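Student: Hey, can you go through this structure with me? I'd like to start with contacts inside the core and then jump around a bit.

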Amino acid sequence: MNLTLRVWRQKGPKEKGHFETYQVQDVTPEMSFFEALDKVNEELITAGREPIAFDHDCREGICGTCSLTINGQPHGPDEAATGCQLHLRAFKSGDTITIEPFRARAFPVIKDLVIDRSALDRVMTAGGFVSVNTGSAAEANSILVPKDKSDAAMDAAACIGCGACVAACPNASAMLFVSAKVSHFALLPQGKPERDRRVLAMQKQMDLEGFGNCSNESECEAVCPKEIKVCNIARMNREFLRAIFWSKE
Amino acid sequence: MKLDAKIPAGSVSQKWDKYRFDLKLVNPANKRKFDVLIVGSGLAGASAAATLAELGYNVKVFCLQDSPRRAHSIAAQGGINAAKNYPNDGDSVWRLFYDTVKGGDYRAREANVYRLAQVSNSIIDQCVAQGVPFAREYGGALDNRSFGGAQVSRTFYARGQTGQQLLLGAYSSLMRQVNKKQVQIFPRREMAELVVIDGVARGIVVRNLITGQFESYAGHAVLLATGGYGNTFYLSTNANSCNVSAAWRAYKKGAGFANPCFTQIHPTCIPQSGEHQAKLTLMSESLRNDGRVWVPKKKGDTRSPDQIPDSERDYYLERQYPTFGNLVPRDVASRAAKRMIDEGRGVGKTGLSVYLDFADAVKRQGKAKIVEKYGNLFDMYHHLTAEDPYRVPMRIYPAVHYAMGGLWVDYNLMTTIPGLFCLGEANFSDHGANRLGASALMQGLGDGYFIIPYTLGGYLASTKLPKAGTDHQAFAEAQRLAHERVKRLLSSKGKRTPVSFHKELGKLLWSNCGMSRNEKGLKEALAKIPAIREEFWNNLVVSGSGNDFNQTLERASRVGDYLEFAELLVRDALERKESCGGHFREESQTPDNEAKRDDANFSHAAVWEHAGEGKDPIRNQEPLTFTDVVPSQRSYA
């Protein structure tokens, strides 16, 4: 099959970006979308031109590195999948596909399709942990966790930190990402002692980074490759209210 | 090269306790005076960084990803072993130790393996305390499952995302220390040179992958936790950015490289679909708990799997290895698959795969239970192949997965360069010639949480280190070398891309030094690699500049290193004339085609020493002695 790619090119953070068009010839439906991009890049390099910079690493949907908006959808048209899991069988020969970076004020472009998501790390640094030093842990089975709670915590913990939720939100809000982490800990006994300070610190940092607020669009849930649910946002809101009314922090 | 493994005296079960007491301690108030540089932020690097920072050391962490949370440990699926014996099925520290030494085909150090088994239980405690959401029983206690090479259930897991959850646990502890300003993270940095002053590792030069600039960092110790070299083969289950470069630079500065030919070929990966493929995807070994591996009994049987009745299927693992069945170790399962395919009984369009069938498990346990255990793995398979494994058997084929070889380290995890330590997959120590499933996570975290915090303290407390800042001449020299390398890569105005060379090398290695190796093929590879390398330096094209974000340049630099390292890998495979674990020499096999060791001549770690550019490397030996697990021909029948 043959495809036309409209790709966002931007030399650096302060440069103005633009779309460029590339033809991809003779690709097959079994190929992954990124392998089609690889093909374009190999041709560009051979021609001595600069290839399209894009982030990718594990190519199996778990590292959260890839950050492409494909035809207007973060990670593209496949449900519950990252961009690297998308295959050309999702398209028809002759299609034109538009590729942009995840766009958000808090995610400045580094080059072409590569963005800076260190804001998410800073939110985690603010409180996304249980304060336990190596060596001080109790025997593992001394902490019993009901299976349903543990499963729900795992549902939230499955977040890969890609930032698609931010890119999909009209407000560029990071509420789904932050609430997934808050929920993961709030559901487990290990996270309880610090629940108040955690939610307050993480939300404060989230605001400082320039992420927007949640206005219940649920676009985040729709694009999340790990199917993280918006009920986590509701849980975070409860945690937050609880903390501001009753916390001594 | 002097190889002193520094294994403490005493019985194997007493060594570590006694040694910890004997190690000198760093006064708590003095710890903040020590700077520790850690390269790599996977399980080993992140756990070491968090723990050392908790102790009070100043820690700097460098990773080439945009966030430490994305290191390739994140992709580990199945689980982590520990000798908790929660299922009461006969497990113990001793059994985990025994299984690991045997599984590694008696090519690991007993003392290290025993220590690993000892700390395994503390790892689970630590991870649970961090909030890692391991799978649980209805009573709230932790659940276990079985993995290859063991007859007990000792594997803890978080669905099919155990590596992700353990890494996020270590990462969260790491970020807590960033919050406390005990750790500084330097993302998108790749180590370009190790700085050695007066024979001691004192710093690194890294390339800032965004600006292209080289930066110097000085410290009192350098820890490499940079993962394995599986990507030398081009197609592997490793992430694209995994590479051998940091370890290779250390080798060239004098660190011994041990057993590079010990490469694990994992039996259950999604088969390659064509030439375009950039990497292979693993399907967790845990699937072999419930999946049954089979091929048609008849050669060239092209019927769809549902048309082949049970009586015409060969469940060859169950037939050949009735005791372990589908749960034989990885090397055994991979070779068995290769034999079936070589016999012409492979399945799928290319004939290069075997079935992994869940029909019986779904019937017996119900689909809901299978979804719960393996849901994300089945989804992943579905995404990649557009086939539904709940209805159609999965098709799998072996692929390069893990490096048992790596930088040689002593009992302290220190390389042959004083002050340079190596942790996790990057070192060679604990898995011998074959790693058992769910033991990589155990080793990475064991090294980081529970071993290096002690042994690094012992080193720092007993070593006099003169002041050496980045103004030292050695840093300028290292920067010069790094600059020159980039200049050389960019100045080649040839026609071929770095990836094309990488592919060519990978194909050669896979065919001549892959699942099965022989003298002729290895010698052929040894002759061809220098030729590819020469063309690389003369006919390479790298577009863009060295002064900004340039992924082609990054790749070119890594491929340059693979082309040197591959030669060492093949040389090691040629010199080791026995078969053991993942290293199968056709000249050395039992009548049943199993790996036949030669303990009289090869019961040692081969430790390679760089003798200078253009010179043949020197093969040194660390003899292995077994006092507690007596080597025998491995049998899983």
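Student: Okay, which residues is Val166(A) in contact with, leaving aside its neighbours within four places in sequence?
Tutor: This is a predicted model, and in it Val166(A) is in contact with Phe102(A), Ala104(A), Ala106(A), Phe107(A), Ala172(A), Ser173(A), Ala174(A), Phe177(A) and Phe211(A).

Student: And which residues have the most contacts inside the largest nonpolar core?
Tutor: Val166(A) is one of them, along with Cys165(A), Ala49(B), Leu223(B), Leu224(B) and Leu407(B). That core has 288 residues.

Student: Let's stay with chain A. How many helices and strands does it have?
Tutor: Chain A has 8 helices and 7 strands. Its C-alpha trace spans about 60 × 40 × 35 Å along the principal axes, and 55% of its 249 residues count as buried.

Student: What share of the contacts in chain A with a separation of 6 or more comes from residues 24 or more positions apart?
Tutor: That share is 70%.

Student: Into which domains is chain A divided?
Tutor: There's domain 1 (3-111) and domain 2 (118-246). Their C-alpha centres lie 29 Å apart. Domain 1 of chain A gives 18 residues to the contact between them, and domain 2 of chain A gives 16.

Student: What classes of residue are on the domain 1 side?
Tutor: The side of domain 1 of chain A that touches domain 2 has 9 nonpolar, 7 polar and 2 charged residues.

Student: Now sheets. In what order do the 5 strands of the open sheet in chain A come?
Tutor: The order is 2-1-5-3-4, with mixed pairing. Strand 2 (18-24) and strand 4 (73-74) of chain A are the edge strands, so to speak: each pairs on one side only.

Student: How do strand 3 and strand 4 of chain A run, parallel or antiparallel?
Tutor: Strand 3 (residues 68-70) and strand 4 of chain A run antiparallel, joined by 2 bridges. Ile70(A) stands opposite Gln73(A) in strand 4 of chain A.

Student: What's in the loop between strand 3 and strand 4 of chain A?
Tutor: Asn71(A) is found in that loop. Asn71(A) isn't a glycine, but has a positive phi of about 50°.

Student: Is Asn71(A) buried, exposed or partly exposed?
Tutor: Partly exposed, because Asn71(A) has 15 other C-beta atoms within 10 Å, and a residue needs 20 or more to be buried but 12 or fewer to be exposed.

Student: How far does helix 15 of chain B reach from its first C-alpha to its last?
Tutor: Helix 15 (residues 551-575) of chain B reaches 36 Å, close to the 36 Å expected for its 25 residues at 1.5 Å a residue. Since 22 of those 25 residues are buried, helix 15 of chain B is largely enclosed by the rest of the structure.

Student: What about the open sheet of 4 strands in chain B, what's its order?
Tutor: The order is 16-10-18-19, and the pairing is antiparallel. Strand 16 (406-407) and strand 19 (618-623) of chain B stand at the edges with a single partner strand each, so one side of each has no neighbour in the sheet.

Student: How many bridges join strand 18 of chain B to strand 19 of chain B?
Tutor: There are 6 bridges between strand 18 (residues 604-609) and strand 19 of chain B. In strand 19 of chain B, Gln621(B) is the bridge partner of Ala606(B).

How values were computed:
Residues are numbered from 1 along each chain as its sequence is written. Chains are lettered from A and ligands numbered from 1 in the order in which they are written. This is a predicted model: local features need pLDDT of at least 70, side-chain atom pairs count only at pLDDT 80 or more; totals for chains, interfaces and linings use all residues. The expected span of a helix is 1.5 Å times one less than its number of residues. A nonpolar core is a set of buried Ala, Val, Leu, Ile, Met, Phe, Trp, Tyr and Cys residues joined through C-beta atoms within 7 Å. Two residues are in contact if their C-beta atoms, placed from the backbone, lie within 7 Å. Domain bounds come from an automatic or database domain assignment. Ala, Val, Leu, Ile, Met, Phe, Trp, Tyr, Cys and Pro count as nonpolar, Asp, Glu, Lys and Arg as charged, and the others, Gly among them, as polar. Two strands pair if DSSP finds at least two bridges between them.
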